[in-house]
Amino acid sequence: MFLRTLSGRFLGLTILFVMIAEVLIFVPSVARFRLDYLQNRLDLAQLAALAALSREETELPAEMRRELLDTADVMIVVLMRNGVRELALADEMPGRPAATYDIRDPSAWDLVKGAGRVFLTPGDRVIRVIGQTRKGTEGVVDVVLQEAPLRAALMDYGLRIFYLSLVISAATAALLFIAVQFLIVGPINRVIAHMVAYRDDPEDTTRIIAPKSGTQELLDAENALHDLEVRLTSALRQKERLAALGRAVAKISHDLRNMLTTAQLLADSLETIENPKVRRIAPKLVKSLSRAVSLCDRTLTFGKAEEPAPELEQISLHDLVCEVVENERQTTNTRLVEIRSEVSPDVMVRADAEQLFRVLSNLIRNSAQAIAASGQAGSVRVEASQQDGRTFIRVADTGPGLPPKARDNLFKPFQGGARQGGNGLGLVIADEIIRGHGGTLALEVSDENGTVFAISLPAE
Ligand SMILES: Nc1ncnc2c1ncn2[C@@H]1O[C@H](COP(=O)(O)OP(=O)(O)OP(=O)(O)O)[C@@H](O)[C@H]1O
Ligand SMILES: [Mg+2]
């Protein structure tokens with residue numbers, strides 16, 4: 001689990017990398033250590049040989065010879081001076097040496113190989129080493145010695161380096177671990193804590209992160225998060241305000257409708273008064289009051305956010321359209337606007353009759369209103385066709401086409417209204433109802449020659 005955290009991975013990788021670096025240092029230093037060790041033996045052997053050779057006439061006593069050889073830690077010393085080879089000191093013959101190493105001008109590879117052999121060859125070998133004599137003399141020292149002490153010294157040295165590397169890598173890893181905690185993990189945790197706090201209450205501006213990281217990348221991340229949170233918070237606040245406004249409008253509409261209904265009843269009774277002036281005005285008053293009541297009704301319906309799910313049944317589209325057309329003619333100036341149905345009597349459709357009635361009524365009324373407002377005579381036509389079980393209903397008019405404002409805000413509540421006294425809700429409600437049926441409502445054509453809205457309803 002720890003290895004899955006950023007700090008854990010960093011710690012593991014640091015130890016690994018430091019160990020690799022230590023191995024790269026270890027190999028050459030062990031090779032160098034062996035070279036120094038052998039050169040040291042040669043130097044001591046040279047001194048011992050010089051001491052032995054200085055007594056030319058008499059044989060060296062046995063203990064003296066032993067002591068000199070022990071001091072140099074070699075078994076045989078041969079000195080070559082001025083091209084003459086002289087056996088200076090020798091123990092009993094140890095047998096043929098297992099290997100010969102000439103360290104006068106060794107390559108790096110030879111040194112590494114030689115050091116490797118010391119570790120890898122088992123048993124106590126006897127080896128021969130040839131090297132240069134020390135300054136002052138131009139000669140060659142040639143010794144035979146046992147490898148065991150060299151191996152012991154090399155092992156000792158290797159272990160010391162190994163322990164040192166362990167300490168160094170542990171210390172480096174610990175320091176890096178602390179640095180990573182401080183520079184990366186800490187700031188990341190801070191950002192996470194902010195996100196969590198913000199998530200719990202996104203409308204509280206005090207929870208918006210204040211960018212202050214010292215690391216550029218983290219600072220960029222914090223800045224981006226800050227912008228995001230600022231925008232989100234203000235969007236949420238705006239939504240909240242709109243929702244509150246919506247609730248207020250719903251309440252007002254509700255009570256206003258009740259008041260208007262009362263006024264409507266009173267206005268109705270005005271019609272019975274014989275006064276000619278009152279007789280002329282009363283119908284207009286009734287009409288505008290009923291328009292106001294219907295606006296309240298629609299606002300309330302819209303405030304419910306969604307239309308109820310349609311109650312689907314098989315209905316005759318012909319009968320329904322006839323009913324709507326008949327109804328719309330009542331409120332339309334029929335001298336200017338002709339409304340007709342071209343739906344054949346056999347067209348059946350699966351829909352909620354009440355809801356589809358409202359959709360068609362909205363579309364036809366929009367057309368009639370547009371034509372009437374243009375002042376030129378025109379017609380509204382409803383037609384239907386069926387294909388692969390789908391039903392297509394078109395409401396086409398010869399009116400002036402949708403104004404740009406309505407076209408740009410098609411199906412957006414309150415925004416598309418470009419008609420005097422319109423609310424910009426009719427098309428939104430129609431679209432919502434048709435979508436509730438699993439169908440689509442689309443503006444098919446709209447230009448100076450007229451407008452066509454097309455409804456497509458699925459078979460099921
Ligand atoms: N057939 C049409 N021809 C021309 N303009 C149209 C037509 N249908 C809709 N419009 C335009 O689109 C606008 C939006 O129509 P919508 O029915 O959504 O709202 P409205 O008629 O203004 O108000 P209401 O909510 O009372 O229906 C209208 O104001 C009108 O300008
Ligand atoms: Mg309308």
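This is a predicted model: local features need pLDDT of at least 70, side-chain atom pairs count only at pLDDT 80 or more; totals for chains, interfaces and linings use all residues.
Modeller: Local features need pLDDT of at least 70, and side-chain atom pairs count only at pLDDT 80 or more. Residues are numbered from 1 along each chain as its sequence is written, and side-chain values use heavy atoms, without hydrogens and water.

Colleague: What makes a residue of α10 buried, and which ones are?

Modeller: Buried means under 20% relative accessible area, exposed over 50%, partly exposed in between (1.4 Å probe, protein chains only). Among the buried residues of α10 are Gly426, Asp431 and Ile434.

Colleague: Why is valine 196 called partly exposed?

Modeller: Valine 196 has a relative accessible area of 35%.

Colleague: Which residues form the nonpolar patch on the surface with valine 196?

Modeller: The patch consists of Leu6, Phe182, Leu183, Ile184, Ile188, Ile192 and Val196. Patch residues have over 30% relative accessible area and no salt bridge, and nonpolar side chains (Val, Leu, Ile, Met, Phe, Trp, Tyr) are joined within 5 Å.

Colleague: How do you know that aspartate 397 has no salt bridge?

Modeller: A salt bridge needs a side-chain nitrogen of Lys or Arg within 4 Å of a carboxyl oxygen of Asp or Glu. For aspartate 397, the nearest side chain of opposite charge, arginine 381, is 8.9 Å away, so there is no salt bridge.

Definitions and conventions
Chains are lettered from A and ligands numbered from 1 in the order in which they are written. Patches are made of residues with over 30% relative accessible area and no salt bridge: like charges are joined within 9 Å, nonpolar side chains (Val, Leu, Ile, Met, Phe, Trp, Tyr) within 5 Å. Accessible areas come from the Shrake-Rupley method with a 1.4 Å probe; for residues, only the protein chains shown count as cover. Lys and Arg count as positive and Asp and Glu as negative; His and the chain ends are not counted. Helices (H or I, at least four residues) and strands (E, at least two) are DSSP runs, numbered from the N terminus.
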